[in-house]
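Here is a friendly note to keep beside the model as you look around. Take the points in order and turn the view as you read.

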Amino acid sequence: MISFSSIKETDRGFLYDLYIATQRRDPIELDHRDTQKNAFFLRQQFSIQLQHYHQNYKCADFLLIKARGKPVGRLFLEERFFELRILDLSLMPRERNKGYRQKIIHGILRRAEETGRSIRVHVDKDSSLRQRYLDLGFKITEHRGRYDFMQWVPEVNVSKNYSITDWENTLYPIQDKLTADLSC
């Protein structure tokens, strides 16, 4: 069973270990003779990445993914008015291929369908996850460097007859969300 909790400062050690375990490094970036210099460089890159997410995605949920009560990964998810944006979904290598990522993505797909929103994600072109997203119906919308930007759009059911009550019940939560989006 997986669960989520908001990331706290005390989770920083785990997040750094996750960062190290999931990053592709160009050998030119690291000096293999100076481990102290490498450690400083990697900590600096980790801090810059977290700072970027917090500065540019102020309304995002920064979540720790837990399995059996232990941290196994992170999910950074931003809910916007018209879309859900998966900023980061990372798992420790030893926790992959256990179905966690699939359950999380299917949960996000259900949320998007329920709210009529699209989903956006960017995926490394060399990642095995790229094909998984394509299999789920994501389409590549843009190529940027080593990343493909992908989008999933829910099917629209135009045959349903809506009453005014349906629209009112839909409108008020949307207005609240729009107000919250504008405050970010």
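1. Which strands does helix α2 lie across? Helix α2, residues 35–56, lies across β2 (61–67), β3 and β4, and runs at about 35° to β3. Helices (H or I, at least four residues) and strands (E, at least two) are DSSP runs, numbered from the N terminus. Axes are lines fitted to C-alpha atoms, for helices over the stretch in contact, and angles run from 0 to 180 degrees between N-to-C directions.

2. A word on how to read this. The model is predicted, so local features need pLDDT of at least 70 and side-chain atom pairs count only at pLDDT 80 or more, while totals for chains, interfaces and linings use all residues. Residues are numbered from 1 along each chain as its sequence is written, and side-chain values use heavy atoms, leaving out hydrogens and water.

3. Now the confidence. pLDDT is the predictor's confidence in each residue, from 0 to 100. Its mean for the protein is 84, with 78% of residues reaching 70 or more. Please treat residues 164–182 separately: pLDDT stays under 50 there, and the model has 10 contacts beyond four places in sequence for this stretch. Contact means heavy atoms within 4.5 Å.

4. Next, the sheet. Its 7 strands form an open sheet in the order β1-β2-β3-β4-β5-β7-β6, with mixed pairing. The edge strands, each pairing on one side only, are β1 (2–6) and β6 (139–144). On average, neighbouring strands are turned by 30° against each other, direction ignored. Two strands pair if DSSP finds at least two bridges between them.

5. Glu78 stands opposite Arg85 in β4.

6. Back to α2. Among its residues, Asn38, Leu42, Phe46, Gln49, Leu50 and Tyr53 are buried (under 20% relative accessible area; exposed is over 50% and partly exposed in between, with a 1.4 Å probe and protein chains only). Seen down the axis of α2, the buried residues fall within an arc of 100°, so they line one face of the helix; the arc is that of the directions from the helix axis to the C-beta atoms. These residues pack against α1 (12–22), β2, β3 and β4. The face turned away from the buried side carries the exposed Gln36 and Phe40.

7. Finally, find Gln23 in the loop between α1 and α2. Gln23 and Phe46 are 23 residues apart in sequence and 9.9 Å apart in space, C-alpha to C-alpha.
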